[in-house]
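Let's take a quick tour of some strands and how they line up. Have a look at the picture first, then read on.

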Amino acid sequence: MSLIKIKNLSFTYANAEEPAIKNINLTIDKGEFVLLTGPSGCGKTTLCRCLNGLIPHFFTGEMQGDVIIDGLNTREHPVYKLAQKVGLVFQDPENQLVSLNVEKELAFAPENLGLPREEIRKRVEEALQLLKIEHLRYKAPYELSGGEQQRVAIASVLTLKPKILVLDEPTSNLDPKGAEQVLKTIKVLNEKLNVTIILIEHRLDLILPYTTRVILMDQGEIVLDSSPEKAFCSNIPEKIGVDVPVSVKLYNELSKTGVKFNKVPLCAKDAAKLLAEVLK
Amino acid sequence: MIEVINVWFTYPNGTIALRGISLRIRDGESVAIMGENGAGKTTLVKHFNGLLKPEKGVVLVDGINTKETSVAKLARKVGLVFQNSDHQLFSTTVEDEVKFALKNLGFSSEEIKERVDWVLKFLDLERYRERSPLSLSGGERKRVALASVLCVKPKILILDEPTIGQDARQKRKLGELLKKYQEEKNTVIVVTHDVEFASKYFNRIVVMARGKIIADGPPNKVLTNPTILEESSLSPPQVTVLSREIAKKINNFPKDIVLFGELLNEIIARIRR
Amino acid sequence: MSYTMFSAFEFKRKDTYIHKLDPRTKMFMTIVFMTVALLFTTIIPLLITFIITLIPILLAKSVEEWLNSLKGTTILLVFILVINSFIRDLNFALAMILRLIVLITAFSAFFLTTHPDDLAQALIQMKVPFDFAFALSMATRYVPTLAREAQTIMDAQMSRGLELQKGGLTQKIRNLIPLIIPLIVNSVRRALSIAESLESRAFGAIKKRTYLYQLKLKKNDFIFIIFLTLYLLLMIYIKIYSPLASWMEWKFPL
């Protein structure tokens, strides 16, 4: 059975005239690493909010269709139930870190569930170790760098033990080194815990080698859903205004001049290797 | 011209943000100031329009010492657009928002009209003239915030992190607009982490780390230098990453290309050889 | 930066005997010091009270921070001094100043050494509802953020030629609009965004929440509480039963 199943989903925010997303049909399986991208205002964030029930429970409006998460219909289950399946991480760490101490931040969610103290302790320690942030245990948010803050934000939803992690532009406020740290962390979670990842991200070059699937959205609809190779070789990214990663761009441009690699490179290393073969 | 001579600055909480900065930016330059968070970039540009005054050293804008004038007086020469547009917008219509600075600076009503028309056209905002800035999308709000400063036609335009939250198309549009404005003999300065944006649209890169300038030069010299990048927590542009990888495999391939067009030409030339 | 005035009473992490005490012990300490200060109205006893109140500040190695918080209240102190010396006399005015300094010192001894999260936890264990304690700790968490935001807004509008000091009174009030509106808009946006993230972390899932930390009074707390109680009782005894020695009633000869 698919972990996420979305059927004919449309949503219009209260006070809005146009639907933010329309006719979304999507199934995602365990362990997938999905890159979700598209121009601003294309409905990515709205789709994320549908996955843990913030829509329709927190944001009001008109929702059509169904979202089934690990067998639970989001219409029928409250956010705190769904939050144990889907962890949501947002763009601005400042608005996610509400405690003045990392350990407490991590304990916040399981405390809300009323779990026994030993269990909370266990989950906090696991998350601290997994994200390699044990040394930050007693620090306040303002004592952390942007990359550290965002890793704490990820850890703070991991203590709910979600099977799915949805990250809405987690690196856009960070400097390049911070972004790299966060993206590496996400990769580790996918590989080690087999957590399903849905990532909204503009820094495609760094993340593309890890992704198993690319979904492109434009004007509230899914316009492409395929492997990363196929997605960026098509003309759709160009058409909707999404940048193509440099290594794929090179492949595309060289193809136009008649030079074909025998596969599509997703990172610089692969591109260099393929180019060396051609030049030999 | 901006001249910064041995400037030091300490915040009241004791953080030393600038440690002896000297820098000269001539008229008509396009400069990207880069470095990790906390390196002192924003503190430095706040000295350019007098929001902060140096604790030691001097900042001269067209020969005027910023210590001896007011922010409002400098605002005719130096425009500073802040990172978060929501920190600026407050008016009921886009037109009023743009008029705010012009009124403050005492322009005549004909001049105000002329400049509002010009800036709304320049930034492609005419259709939003009567709309409330707060009802616009994030990208559009950012453009209104830019308009609200650009309307003064400052000789020196400074933008703090203009690409955060912008998608690829918006970034391209912004880059081209800034280039166009610079070509009209104005100085454009950005503070940014975005190496791709900086390498594409700016001729000079100033890199800061821990309150000092550690590098200053054209993108293909600065953003390809591993030591500088390491020290300032920056990553090289993706095109440079690719050119380095290729150079590992292919003899004599240049390691320091920053623009995609150049990289492609180099490769095609080698394939044809 | 304008938030230096907030940082005066802000918690600073240090490893001292006082920092390690239970927040409830320190709450008791503050109440005792305040009560004693209110018992006396003459200079010498208040001076003695002041010296005793200073002990926890010294033990907490927070003299510099304490001086900062005093500095923040200088205007208030001068104001009280002037008013009181006009309506009563200088001796009374000085006593009142001393009393106020003791109160401020007692407060800073608490806030400078107590982590806001620990304060919230203490309140919860004192049966204050979680929502209330949480709101309090969120407020302390976001005060510096808000102050920084206010400063940025001011910088942004000044860069567009806004001059706050310009014009008459009505103009000056109108000058505040470009500051207040963005501040409100941003606070609302931030609040919504925080709410969204709290909701996504199962906030309010069940009525009976659990807690990772549990505050427990330790041996040191009990020792401290005993000392404080003895001190309070002694002072009350002196106030009620034993007339003050004549040197305690000393005044500036005016």
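This is a predicted model: local features need pLDDT of at least 70, side-chain atom pairs count only at pLDDT 80 or more; totals for chains, interfaces and linings use all residues.

**Strand E3 in chain A**
- E3(A) covers residues 33–37; a strand here is a DSSP run of E with at least two residues, numbered from the N terminus.
- 5 of the 5 residues of E3(A) are buried, so the rest of the structure largely encloses this strand. Buried means that 20 or more other C-beta atoms, placed from the backbone, lie within 10 Å of the residue's own.
- Phe33(A), Leu35(A) and Thr37(A) point one way, and Val34(A) and Leu36(A) point the other way.
- E3(A) pairs in the parallel sense with E8(A) (residues 196–200) over 4 bridges; two strands pair if DSSP finds at least two bridges between them.
- In E8(A), Ile197(A) sits opposite Phe33(A).
- E3(A) also pairs with E9(A) (residues 213–218), again parallel and over 4 bridges.

**The sheet in chain B**
- Here 4 strands make an open, antiparallel sheet in the order E2-E1-E4-E5.
- E2(B) (16–25) and E5(B) (64–65) each have a single partner strand, so one side of each lacks a neighbour in the sheet.
- E1(B) (residues 2–10) and E2(B) pair over 7 bridges, and Phe9(B) has Leu18(B) as its bridge partner in E2(B).

Definitions and conventions:
Residues are numbered from 1 along each chain as its sequence is written. Chains are lettered from A and ligands numbered from 1 in the order in which they are written. A residue is buried if 20 or more other C-beta atoms lie within 10 Å of its own, exposed if 12 or fewer, and partly exposed in between; C-beta atoms are placed from the backbone.
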